[in-house]
Amino acid sequence: MRPAALLPAVLFAAALLALPLGGATFGALFPEVAEPLYRREPFTTLALSHAGLVLASLLPAAAIGIGLGIAATRPGAREVRAVADALVGFAQAVPPVAVIAIAVPAVGFGAAPALLALVCYATLPVLRATAGALATVPPEVLDAARGAGMTPRQVLFRVELPLAAPPILAGLRVAAVLAVATAAVGAVAGATCLGTPIIAGLVNGNPAWVVQGALLTGLMAFAVDGLLGALARPVSASPP
Amino acid sequence: MIRFERVRKSFGAARALDGLDLVVPEGAFAVLLGGSGAGKSTALRMVNRLIEPDAGRVLLRGRDVAAEPAPALRRRIGYVIQGIGLFPHWSVARNIGAVPRLLGWEERRITARVEELLTLLRLDPAAYRDRMPAELSGGQAQRIGVARALAADPDILLMDEPFGALDAVTRQALQQEMARLHAATGKTILLVTHDVEEALSLATRLAVMADGRLLQEGAPRELLDAPADPRVRGLLDGGALGMRRLALVAAASIARASGEAPASLPRIAAAATGRDALEAMLVARAEAVVLVDEGGAPAGLVALRDLLRA
């Protein structure tokens, strides 16, 4: 793993630890606010809860996205692909805030509406990447695999998925970064996350809190991008 | 033995096979020759059930291929395709061992078989075993493709335009390689091509197809001498009928005793064809050529007029 890939993660960790000590700095930057540092929950708690939201939404999104992507590329399933694309495209066309707003009456306040929105958003890049990657497996390789006597399951697991793995991992990376950014919106519905200081700052007219929440959310997205990028590269480069 | 019985197949409105009847004898090197759209690839791919017939049936050693689950059937049929289709994420050894692995062979036996096949295809095992397909030339990759098809010692070998993507020199080398492998293994081979020269140089049985039907089947020489259909004549003639006929004749079969062969005459190997003999005469501007055996001793003489008996 190259050190450059770790840099965003280190920056994020440093910001997480340093921010609680920065009361004086924020006081100087925003002299008009009475309480320059967000202290209702510790930033580490917010970050962990945020990461929890991301993970909890990413796993189902990966399962649905990869599953639909595989289903859509099976022979005689062209319609599945069209329907899946339309469905998930629609889910992404609706803004996250709207999904959350619609979800609140159905599933209540808290983490649930945020999770619902996140799953909707993270599924599309995974689905697109999976279907796209599987479609690029050369037809003569598939012909050879079937001709060698592989069952459809063996063709999928021994040939198609290994060949499609790098783009699928790239899709997961996009989904993860998207989920980190979108999870902050979950604070609107009362989910505890790095968006909480942002919402609290907006409601109370405290720009310092908004900056603190936004800074950590942004750095977390960078950290996830860097870590997953470093993870994806050796996988794609290594011969089996 | 492979037997096609009144096989029909349509893809949408396009009729690929229109009642194909064909028998490929055991041990034959059978070539399906035809233009594009003749239905030859469709016919080939029905033998290992990559395509299922709409009507009729395909029998392998007397047994309907549909009677067996397709994966099991395919594991005992070698399959070589034009695009080569090596698994790009697997090493050469893993590619060759694909079918044995599916059959559950022990790892040690697979390793030994891979060595054996690389040697058979004249590739140094130590140098090629661990290479990835991207590190091979087209000719090397197709040799690996052939080795992979032979790995589990299949009853028959199906080859779909196997040398179509190769340059002329490599193609010829691999054609000779296949003729040698056929002679050495005695396997039944069914090869599809649109290349007349390739068909004539490889086939022990030649089947010419057009519009999803069989036009004529027989020994290549029979088809050249007595084409049953204008389309067969048109395809095989190509302005080179005489040369093609010469290429099918062993020079030794039209040779006379050499006596004291003049040293000035060109010399060619006794295994050469009549066409090789003519070529040697034209090159040397001589009216005869001396055949020599492996030891270099004269084994016969072919004069220009002997070629007329070919």
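**Briefing: chains A and B of a predicted model**

A:Val10 sits in helix α1 (residues 3-18) of chain A; helices (H or I, at least four residues) and strands (E, at least two) are DSSP runs, numbered from the N terminus. This is a predicted model, in which local features need pLDDT of at least 70 and side-chain atom pairs count only at pLDDT 80 or more, while totals for chains, interfaces and linings use all residues. Residues are numbered from 1 along each chain as its sequence is written, chains are lettered from A in the order in which they are written, and side-chain values use heavy atoms, with hydrogens and water left out.

**Surface of chain A**

- A:Val10 is exposed, at a relative accessible area of 52%; exposed means over 50%, buried under 20%, and partly exposed in between (1.4 Å probe, protein chains only).
- Together with A:Leu6 and A:Leu227, A:Val10 makes a nonpolar surface patch of about 230 Å².
- Such patches are made of residues with over 30% relative accessible area and no salt bridge, with nonpolar side chains (Val, Leu, Ile, Met, Phe, Trp, Tyr) joined within 5 Å.

**Regions from the UniProt record**

- UniProt, in an unreviewed entry, places "domain: ABC transmembrane type-1" at residues 47-228 of chain A; such annotations may be inferred rather than shown by experiment.
- Residues 47-228 of chain A are 83% helix and 0% strand, with end C-alpha atoms 18 Å apart.
- The unreviewed entry also lists "transmembrane region" at residues 51-71, 174-203 and 209-232 of chain A.
- Residues 51-71 of chain A are 100% helix, and their end C-alpha atoms are 30 Å apart.
- Residues 174-203 of chain A are 60% helix, with end C-alpha atoms 31 Å apart.

**Interface of chains A and B**

- In chain A, 18 residues are in contact (heavy atoms within 4.5 Å) with 21 residues of chain B.
- The two chains bury about 1600 Å² between them, 69% of it on carbon and sulfur atoms; buried area is the accessible area (1.4 Å probe) lost on putting two parts together, summed over both.
- A:Asp143, A:Ala148 and A:Arg158 supply 27% of the area that chain A buries against chain B, more than any other three residues.
- A:Asp143 also meets B:Arg45 in a salt bridge (2.9 Å, N to O); the rule asks for a side-chain nitrogen of Lys or Arg within 4 Å of a carboxyl oxygen of Asp or Glu.
- The rule finds 1 salt bridge across this interface.

**Positive phi in chain B**

- Most residues other than glycine have a negative phi.
- B:Arg49, in the loop between α1 (40-47) and β4 (55-60), has a phi near 60 degrees and is buried at 16% relative accessible area.
- B:Arg285, in the loop between α13 (274-284) and β12 (288-292), has a phi near 50 degrees and is exposed at 80%.

Key. Patch = residues over 30% accessible without salt bridge, like charges linked within 9 Å, V, L, I, M, F, W, Y side chains within 5 Å. Areas by Shrake-Rupley, 256 points an atom, 1.4 Å probe, with all protein chains shown as cover.
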